[in-house]
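My notes follow in the order I took them.

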Amino acid sequence: MNLRRDVFQAIADPTRRAILLLVASHSMTAGAIAANFDTARPTVSKHLQILIECELLEQEQNGREIYYHLNGKKMKEIADFIEPFRQLWDDRFNKLEALMKNYTPKK
Amino acid sequence: MERKTQVHAAEGRHDLTITREFDLPVALLFKAYEEAELLAQWMGTKVVKLESRKHGCWQFETSDPKGNVMFRANGTYHEFIPEKKITRTFEMENAPFDVQLEFLDFEALTDNTSKLTMHVIYKSNELRDQMLKLPFAYGINMAHDRLQEIVHKLK
């Protein structure tokens, strides 16, 4: 059985999405992240662990502190899954535009 | 090429928004939705029924080159306000997906440009993501292929 973390399952959780938003602008320590939530620190740690396992977050040692930051490449993978859907509509709308530009009303 | 069509699908929600700006007056943009013959061309599907009015209904059918029906969908118009708004339902036939609700807003930007905002509401977040992933899962489908061919010919 494959127990590998599913990225989409990881971002289905509201707390984990909030964590990703928090670290989107700058790297933060686990303590600084946890300070933004009412949830217990171990719960936040568990969420961080899941985000790291599915490679959405990366850790970086800076002196004695460990900072967490977004893995932009992995985030892009998530963004890309809607790309074929966008492309489908883009093609339809391109066609609509081309069609209507040549439209002449029937008399 | 500039990305004219944008899809906004916030995580965890059961809706999404598709926006697109057209180099067309809003009247022509709306007409492409109003007339069956035009709709059939740009959607790449056969329009079986299209009653462009409040409480009217519509039905599309797409067949493969051998004539086998691959896709059939239908719905009802709840609002049909020329050059302004269409509210309609959309349901795929013989598919395990619940009906979806679509709000289409037509807006004039200038005399020759317009904007379409399509707000689609699904029964659940899971269903929305499933629908979003359909083109992803099946790759580029047939209708899509055909549309691309036509678009390339026009270039």
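This is a predicted model: local features need pLDDT of at least 70, side-chain atom pairs count only at pLDDT 80 or more; totals for chains, interfaces and linings use all residues.

I started with burial: of the 155 residues of chain B, 21% count as buried. A residue is buried here if 20 or more other C-beta atoms lie within 10 Å of its own, exposed if 12 or fewer, and partly exposed in between, with C-beta atoms placed from the backbone. Residues are numbered from 1 along each chain as its sequence is written, while chains are lettered from A and ligands numbered from 1 in the order in which they are written.

Next, the elements. I find four helices and eight strands in chain B. Helices (H or I, at least four residues) and strands (E, at least two) are DSSP runs, numbered from the N terminus. Along the sequence, chain B reads β-β-α-α-β-β-β-β-β-β-α-α.

Then the sheet. The eight strands of chain B form an open sheet, ordered β1-β2-β8-β7-β6-β5-β4-β3, with antiparallel pairing. Strands pair if DSSP finds at least two bridges between them. At the edges stand β1 and β3 (46-50) of chain B, each with a single partner strand, so one side of each has no neighbour in the sheet. On average, neighbouring strands are turned by 20 degrees against each other, direction ignored. Axes are lines fitted to C-alpha atoms, for helices over the stretch in contact, and angles run from 0 to 180 degrees between N-to-C directions.

I zoomed in on β1(B), residues 5-8. Strand β1(B) pairs with β2(B), residues 15-22, over four antiparallel bridges. B:V7 stands opposite B:I18. Six residues lie between the two strands of this hairpin, and B:G12 in the turn has a positive phi of about 80 degrees.

What lies across these strands? I see α6(A) across β1 and β2 of chain B, at about 145 degrees to β1(B). Helix α1(B) lies across β2, β6, β7 (100-108) and β8 (114-121) of chain B, at about 155 degrees to β7(B).

I checked the chain contacts. 30 residues of chain B are in contact with 24 residues of chain A. Contact means C-beta atoms, placed from the backbone, within 7 Å. Helix α4(B) gives the most to the side of chain B that touches chain A, with six residues. The residues on that side divide into 19 nonpolar, five polar and six charged. Ala, Val, Leu, Ile, Met, Phe, Trp, Tyr, Cys and Pro count as nonpolar, Asp, Glu, Lys and Arg as charged, and the others, Gly among them, as polar.

Last, the largest nonpolar core. It has 17 residues, of which A:M100, B:L29 and B:A32 touch the most other members. Such a core is a set of buried Ala, Val, Leu, Ile, Met, Phe, Trp, Tyr and Cys residues joined through C-beta atoms within 7 Å. Helix α1(B) gives the most to this core, with six residues. Leaving aside neighbours within four places in sequence, A:M100 is in contact with B:L24, B:L28, B:L29, B:K31 and B:A32.

Definitions and conventions: Two residues are in contact if their C-beta atoms, placed from the backbone, lie within 7 Å.
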